[in-house]
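The entries follow the order in which I looked things up.

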Amino acid sequence: MATDVSPLDGVPLLDVENLQIELITAHGVIRAVDGVSFTVGEGETVTLIGESGSGKSTTAMGVLRLLPEGLAVLSGSVRIAGRDVVADPRAARALRGRTVSLIPQDPMTALSPVHTIGRQLGDALRLRHPGLSRAETRERGTELLAQVHVPRPETRWKAYPHQFSGGMLQRVLIAVALAAEPRLLIADEPTSALDATVQAGVLDLLMELQEVEGIGMLMITHDLGVARVVSDRIHVMKEGRFVESGPAGTIVDRPAEPYTRALLAAVPRLGAWDEDGLTGAVAR
Amino acid sequence: MAEPPLLDVEDLVVEYPTAQGPFRAVDRVSFQLPRGGSLAVVGESGCGKSTLARALVRLLRPVSGRIVLDGTDIATLSERRLRPLRRRVQMVFQDPYGSLDPHLTAQQIVAEPLRLSGIGDRAGRARRAAELIDRVGLPSSALHRRPPEFSGGQRQRIGIARALASRPDLLVCDEATSALDVSVQAQVLDLLRELQAETGIAYLVIAHNLAVVREISTEVVVMRAGRIVETGPTAAVLASPAEPYTRALRRAALDPTTIRGVKPRHLLTTTAREGTRS
């Protein structure tokens, strides 16, 4: 896919080392991220999980260098496909929308309400391939909408965001992210604003795309269920640090740290259920 | 003979005017809630559950049907005749940021419903507010602070204290914990359970999270497109849902502890299909 970046030869897609992020606020300087290290490889999903204020979204935005310059001070290193965006902020600009793209949290506000879906998706496509003609852009864009399972994509090209449901908008945003032909996707709570059945469809789609395209994914979520379903590895974050890291199954089934245990204990249980609908009752 | 229910809703219809004519948000909904009982209404966005909640506290006026509260039909009661009944049904809102007046102190917020209902004198209302603030687990130093100084969980505690001030028989909780972090949500659910055990108050809980519903309700009503699609004891409905829509909801609800294996791909696809079928 991405022809302008050399093969990685064992270098992780994303390699974060001792990242610290200090935010300058009205109440002084806050160390929002306090020395985290992690990697994301091809075809892998790595999840940062934590409660509000844990620093998980700040980490993601820092990796993308999308925090306001002058108000956020980064140190450590963040290598995306080998290029350190902490040392060289211009590298981040070159990588965003090409090697790495973002799926934002709130599908209702992430798109411009006064431009059509086609226009916005087209912009993302032409950022990646500046020479695309109008017809080529539309053809490629329609394919992308089909790939993210937007029904009748050719008829939706000229539609505006308000004509879509939240779940369909999130699919459009995934299509915009995919227009970059990224090797790394950063998904910041991509399903938190969605209904559970819609969330299931979007998570399925992300896993399907990963299987087909081998994209690496950094997922940010507060939902342990979501993390357990999509992740290879999970880092549990609290007050800017990782309190526990490991394979998804281990973190959820055998958490070692009291904080992880407390977080899991706080999740209300659903209990067993008769999934196949074969019998009328289930032992509780 | 069985005691008559605290709340008896019959064939309730609520409509919103739109440019294309009236939109029926709640379509002939019927259920009963016994005194001290706990009933949850679940469903996804747009199913009509919040509209139902607003109609029950008469923030909206239904088109037809009955809302019988302890023997009195309040569905179409005039505001004047409704007023004395208002204190008996209170509501806790979803948004802990938008539902409290930022200019008032916690004590004023909690005492407000008493003042509006003309209950007690100033000193008595202040005492009651202090009692309630203590009861919902906030320190007495909270009394003179204002909403912007509190966290989301603390604000929701203030919202609960305010709702309890007039000693209502029924508390309608509209997604009262869905904006909270999971650890804070667990504390608020604990508080609600304790309060029910102590006071015998009845709960009508509006929620989209099935696991929350399982924690707080004994009966559940599943809504879709304004109608009830399934109803029954919460434990039974969640353990063996009969309706395809309830099954889709159940499958999509991710309990981390019951997910097995390494990154189960396409685990959810059937959900997406069932969920989008109309």
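I took the radius of gyration over C-alpha atoms, with a globule rule of 2.2 Å times the number of residues to the power 0.38. For the 284 residues of chain A the rule gives a radius near 19 Å for a compact globule, and chain A has 20 Å, which agrees.

I noted that this is a predicted model, where local features need pLDDT of at least 70, side-chain atom pairs count only at pLDDT 80 or more, and totals for chains, interfaces and linings use all residues. Residues are numbered from 1 along each chain as its sequence is written, and chains are lettered from A and ligands numbered from 1 in the order in which they are written.

I looked up the secondary structure of chain A and found 10 helices and 10 strands (DSSP runs, H or I of at least four residues for helices and E of at least two for strands, numbered from the N terminus).

I then followed one open sheet of chain A: four strands in the order S2-S1-S4-S5, with antiparallel pairing (strands pair if DSSP finds at least two bridges between them). Its edge strands are S2 (28-40) and S5 (83-84) of chain A, each pairing on one side only. S4 (residues 72-80) of chain A is joined to S5(A) by two bridges. Across that pair, Arg79(A) stands opposite Asp84(A).

Last, I checked chain B, where the domain assignment (automatic or from a database) gives domain 1 (1-88 + 170-181 + 196-242) and domain 2 (96-167). The C-alpha centres of these two domains of chain B lie 25 Å apart.
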